[in-house]
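Please look over the sequence and the structure shown below. A short report on a few places in them follows.

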Amino acid sequence: MPPFGAIEAADFLPAFAAALAADRADIEAVRDNPAEPSFENTILGLERSGAALDRVCNVFFNLTGADTNDALRAIEREIAPVLSRHGSAMYLDDALFARIDGLARRIDELGLDAESRRLLERYHRMFRRQGAGLPDEVRTRLASIGERLAVLGTRFTQNVLADEQDFVLPLESEADFAGLPDDLRAAARQAAQDRGLPGHVITLARSSIEPFLQYAARRDLRHRAFQAWTSRGERGGATDNREVVAETVKLRAERARLLGYPTFAHYRLDDTMAKTPEAAQELLRAVWGPARDLARREAEALQRLADRDAAGPLAPWDWRHYAEQVRHERFSIDAAAVKPYFALSGMIEAAFSCASRLFGLSFTERPDLPRYHPDVRAWEVTGPDGGLVGIFLGDYFARPSKRSGAWMSSFRRQRRLDGGARPIVVNVMNFAEGSGDVPTLLSFDDARTLFHEFGHALHGLLSDVTYPALAGTSVPRDFVEFPSQLFEHWLEQPEILSRFARHYQTGAPIPDDIVERLLSSRKFNQGFATVEYVSSALVDLEFHLLPSADTIDVAAFERRTLESIGMPEAITMRHRTPHFQHVFGGDGYSAAYYSYMWSEVLDADGFAAFEEAGDIFDPEVAERLRRFVYAAGDLRDPKDAYTAFRGRLPSPEALLRQRGLAPTQSQSGL
Ligand SMILES: [Zn+2]
């Protein structure tokens, strides 16, 4: 364990300086080695380099996420550009790349085992994707494109934020509050106070506007708020993002061309499980038809409610409102009746129990180990043979020093190389801590988050590879959510819920009718949810499939794309282009918004393997899952890994069932 108690903020800058110098020396030694390049003296040299830098980075960045302070924040601002320059210097070192490139060219003659071969390919690809080996003038152009794209991404995000802050919907007369529950009224009061305004306001934060659209009875107000929400980044003037998008799309296309790809989408997906934009489109289109059919049936039901209000044809600002009425009627669950069954301690036990039955793991709490905050709990994880698997840290409670959200991270990655190391993995959550006689109680969504992150943790803990670059979660973006989303399925099994979801006072298991409602409400309104998601993912891909885009009318392009797929009139994209932050506020999900659904296909199809075996802990299926997925890191291409686990490639049928999109007898044709 890192010696947390002995580390002070003032230690980090000197530690970074020493670690960066050591890494530089390691890399120069590889580059300047007079011996003929070999896998050992080049690729393994790089794989062994930077051990100290890894240690410093792992401790530092885990702390800045989970337990930061002003001193750490100042160091963070100072060190970020230094680390970025350090990385670029390595990737653009011609002599170093020449060694790697030479090895990659004669990879078949090197007599490498499969894992070593994969490691060489991965290094070669990482360098090539950064522009290594290209002529100087091309690399100069790539660098200036990169800088310009960073500026555009920041501007895009700031424009969206400005448009969000610029608009409020004041609720003035009592009639403006029609339909709003008390908590939303209180939140509107708070929002006004936060802005120094009198009275009550609705804002464009998703947490304000979405409940408003659900509950507000006043159609004219819903309309106004919805227009403001969906026109963020498209209101003309200084914060309009249409030109920002046009320039971004154009520069991304140019960058891809310079790197030898036909379009940016091809460049982006080359490094994923889907591999090609066509494969991603094929999945989205397979889901699109059934989703649109279901949305049409949902719209008919909602129209009947709208007719009662004489509201006219169902519009996008009506959908959430009438859907909420249906949801309330059919699935209404009182959160206060659910929470007492979901004590944090019971859910940790449930997650450990599933890991034990699937993979033979045991968890022993080790309060004696060093931790970075008193709330953090530490467990020693052992395997079926009693051997050490790794250390699992759970950091569950919200506090001001922690950023929001939930995540898994590592203090140390697994490796077999050079005597080996067992992983140290952490799950960080933001649950509200219990107080007095009431233990920490979770919502069902919180419990699902706990299982999700624990799935990522198992991916880190069970890792069993030689090279740390290939360990654990170092897999493509459209594959990394598979082990985590898959693990959520066990929480949803009645046999797990009845055993672990017990009332914290009486010990009684959760009643069947609550379970029934929790599970069936997941399929509600999925036509709408799928249509708004898939349309966004398709538009994202279409923009990035343009081979060049010197002049593009962003709004017209979006409109034409939606027309071509037959977008239902009463539904809007989940993220319209001028405020699609996943895609244009940086590179995170550019041409990759499809990844969420790609992973969902895998988790639905993957869990079906257990259902087909007739046992959700079937030992043979679990062993294949461990060997080819949770333990395998990036040893294989994700398609090969999945096929080895499942015996075939994934198909979207299970996802269609999971979302309630599978054909039913009421449908005709097809
Ligand atoms: Zn995740």
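Which residues does Val389 touch, not counting residues up to four places away in sequence? Val389 touches Leu361, Val381, Thr382, Gly383, Arg422, Pro423 and Leu461, where contact means heavy atoms within 4.5 Å. This is a predicted model, in which local features need pLDDT of at least 70 and side-chain atom pairs count only at pLDDT 80 or more, while totals for chains, interfaces and linings use all residues. Residues are numbered from 1 along each chain as its sequence is written, and side-chain values use heavy atoms, with hydrogens and water left out.

Val389 lies in strand E5 (residues 388-397), strands (E, at least two residues) and helices (H or I, at least four) being DSSP runs numbered from the N terminus. Although Val389 and Ser362 are 27 residues apart in sequence, their C-alpha atoms are 9.3 Å apart in space.

The zinc ion is coordinated by His452 (NE2), His456 (NE2) and Glu481 (OE) at 2.1 to 2.2 Å; donors are N, O and S atoms within 2.8 Å of the metal (3.2 Å for Na, K and Ca), and since water is not among the atoms, sites may look incomplete. Along the chain, the donors of the zinc ion follow the spacing H-x3-H-x24-E. His452 and His456 are four residues apart in helix H17 (residues 444-461), and are therefore separated by about one helical turn.

The table lists residues that count as buried, meaning under 20% relative accessible area, with exposed over 50% and partly exposed in between (1.4 Å probe, protein chains only).

| Residue | Relative accessibility |
|---|---|
| Val389 | 10% |
| His452 | 14% |
| His456 | 8% |
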